[in-house]
Amino acid sequence: MGILAAGAYAYSQRQASPEVAQAAVAGASLTRAPLAITPDAHLRQELNTAQGQVDILKARLDRAEQVINFSARYGIGADVASMVYDASLGEGIDPELAFRLVKLESDFNTRAVSSAGAVGLTQLMPATARFFQKDVRRDQLFDPMLNLRIGFRYLRTLVDEYGDVNLALLVYNRGEVAVRTATAQGINPTNGYDRILMRGYKGKGVVN
């Protein structure tokens, strides 16, 4: 660039209107803005990720503590306690009530069979089980996780239908016909089953 041209350019820059100068400054600011917030956004993302990992670890720790406590209380292996705990939460049943039910129904014997033909940990009648899982065979109900899942789903269905945990437990134990017949006749349908299970229990029977 020649001396004259350079001088003309410098002069034109000095004579630029305030509006033009303001626009130039604003344009420069807009260009630099993303660089200013990028580090903060990156750190926030890292913080959120770390918090999520902490929450997962806390949930795992809480589960492990609960399983150990139930295992010790009922004198059962951690494997069985884990299945009861996980199946109950999966079907929306309070684990505290779930362990009480399995204890009373089968004493945690996966091969338990009643005189009426109920089988497994939650003492399911095959006909009842097939209502929730079509074509399930009687021998399959000795599988502990399957038995627990169907049994707790049945109990949750009863609680939702009757709106009362005690009544739901009686139907679970005695059958709907017996409970309805007694109720229709003005007779208290309890046979003591619900009182045994609920003694000292402070929960609602269900979760979520």
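Reader: Which helix gives the most to the lining of the largest pocket?
Author: Helix α7 (residues 165–174), with four residues. Helices here are DSSP runs (H or I, at least four residues), numbered from the N terminus. Bear in mind that this is a predicted model, where local features need pLDDT of at least 70 and side-chain atom pairs count only at pLDDT 80 or more, while totals for chains, interfaces and linings use all residues. Residues are numbered from 1 along each chain as its sequence is written, and side-chain values use heavy atoms, with hydrogens and water left out.

Reader: OK. Which residues lie nearest the centre of that pocket?
Author: Gln-123, Met-125, Tyr-172, Asn-173 and Gly-175, out of 15 lining residues. A pocket here is an open set of points on a 1 Å grid over the protein atoms alone, where a 1.4 Å probe fits, with protein on both sides within 12 Å along at least five of seven lines; lining residues have an atom within 4 Å of a point.

Reader: And how does the lining split by class?
Author: Seven nonpolar, six polar and two charged. Ala, Val, Leu, Ile, Met, Phe, Trp, Tyr, Cys and Pro count as nonpolar, Asp, Glu, Lys and Arg as charged, and the others, Gly among them, as polar.

Reader: Switching to packing: at what angle do α6 and α7 cross?
Author: Roughly 130°, and the axes of α6 (residues 144–162) and α7 come within 8 Å. Axes are lines fitted to C-alpha atoms, for helices over the stretch in contact, and angles run from 0 to 180 degrees between N-to-C directions.

Reader: What's in the contact, by class?
Author: The residues where α6 meets α7 divide into eleven nonpolar, one polar and no charged.

Reader: What about α4 and α7, what angle there?
Author: About 30°, with the axes of α4 (residues 95–106) and α7 13 Å apart. α4 and α7 are therefore roughly parallel to each other. Leu-97, Leu-101 and Glu-105 of α4 make the contact with Val-165, Leu-169, Tyr-172 and Asn-173 of α7; contact means heavy atoms within 4.5 Å.

Reader: Last one: how do α7 and α8 cross?
Author: At roughly 125°, with the axes of α7 and α8 (residues 176–184) coming within 6 Å. So α7 and α8 are oblique to each other. On the α7 side the contact uses Leu-167, Leu-170, Val-171 and Arg-174, and α8 brings Glu-176, Ala-178 and Val-179.

Definitions and conventions
Helices (H or I, at least four residues) and strands (E, at least two) are DSSP runs, numbered from the N terminus. Angles under 35 degrees count as roughly parallel, over 145 as roughly antiparallel, 65 to 115 as roughly perpendicular and the rest as oblique.
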